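Student: Could we walk through the packing of this protein together?
Tutor: Gladly; have a look first, then ask away.

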Amino acid sequence: MHDEQAVSLRCAVLTISDRRTLDNDGAGDLLAEKLSQDGHVCARRGIVADNIYQIRRVLSEWIAEDEVQVILTSGGTGFSPRNSAPEAVLPLLDKEIDGFGELYRHFSLAQVGSSALQSRALAGFANRTLIFCLPGAERACELAWDKILREQLDSRHRPCNFASAFRAQEES
């Protein structure tokens, strides 16, 4: 299935939480491990409070860097008044990946039932950087990686994937 060499992407993991630290960031640890296991590089890692402007500050810095091609965020996508990841991220996007949230909620339905409706997972492009906003639970991040992100960040996945866009950029 995979005869060609996979593109290794330079990624960043940002945890959005008022309570997490690097010592108890299970979702961030899981995403960093999954990236590494599948041949990508975790070039940046951070934790930011669930505050629209602090989230935008960190994301804007990473989006502006050539070093970061993909950003995975965890947390802040729920429906509580404090969750603000979508509000922080949407204005930064040049193009939204509408199907990501839809597909994530589809897979999440089997895991959490109708509570999947409350996920505001989303994705898009900003300055040629992919951004995926995931819920903060480890199980939710694992679901997103196993069912969507692993394939879509694999340049060998057919019929299409997001990683191929980075191969085209490197060749031009």
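Student: Leaving aside neighbours within four places in sequence, which residues is Phe132 in contact with?
Tutor: This is a predicted model, where local features need pLDDT of at least 70, side-chain atom pairs count only at pLDDT 80 or more, and totals for chains, interfaces and linings use all residues. Residues are numbered from 1 along each chain as its sequence is written, and side-chain values use heavy atoms, without hydrogens or water. With contact meaning heavy atoms within 4.5 Å, the partners of Phe132 are Val70, Ile71, Leu72, Thr73, Phe100, Leu122, Ala123, Leu149, Leu153 and Phe162.

Student: Which residues touch the most other members of the largest nonpolar core?
Tutor: A nonpolar core is a set of buried Ala, Val, Leu, Ile, Met, Phe, Trp, Tyr and Cys residues joined through side-chain atoms within 4.5 Å, buried being under 20% relative accessible area with a 1.4 Å probe and protein chains only. The largest one has 28 residues, and those touching the most other members are Val70, Phe100, Phe132 and Leu149.

Student: And how do H1 and H5 pack, roughly parallel or roughly antiparallel?
Tutor: Helices are DSSP runs of H or I, at least four residues, numbered from the N terminus. Axes are lines fitted to C-alpha atoms over the stretch in contact, with angles from 0 to 180 degrees between N-to-C directions. The axes of H1 and H5 lie 8 Å apart at an angle of about 25°. Because angles under 35 degrees count that way, H1 and H5 are roughly parallel.

Conventions:
Buried means under 20% relative accessible area, exposed over 50%, partly exposed in between (1.4 Å probe, protein chains only). Helices (H or I, at least four residues) and strands (E, at least two) are DSSP runs, numbered from the N terminus. Angles under 35 degrees count as roughly parallel, over 145 as roughly antiparallel, 65 to 115 as roughly perpendicular and the rest as oblique.
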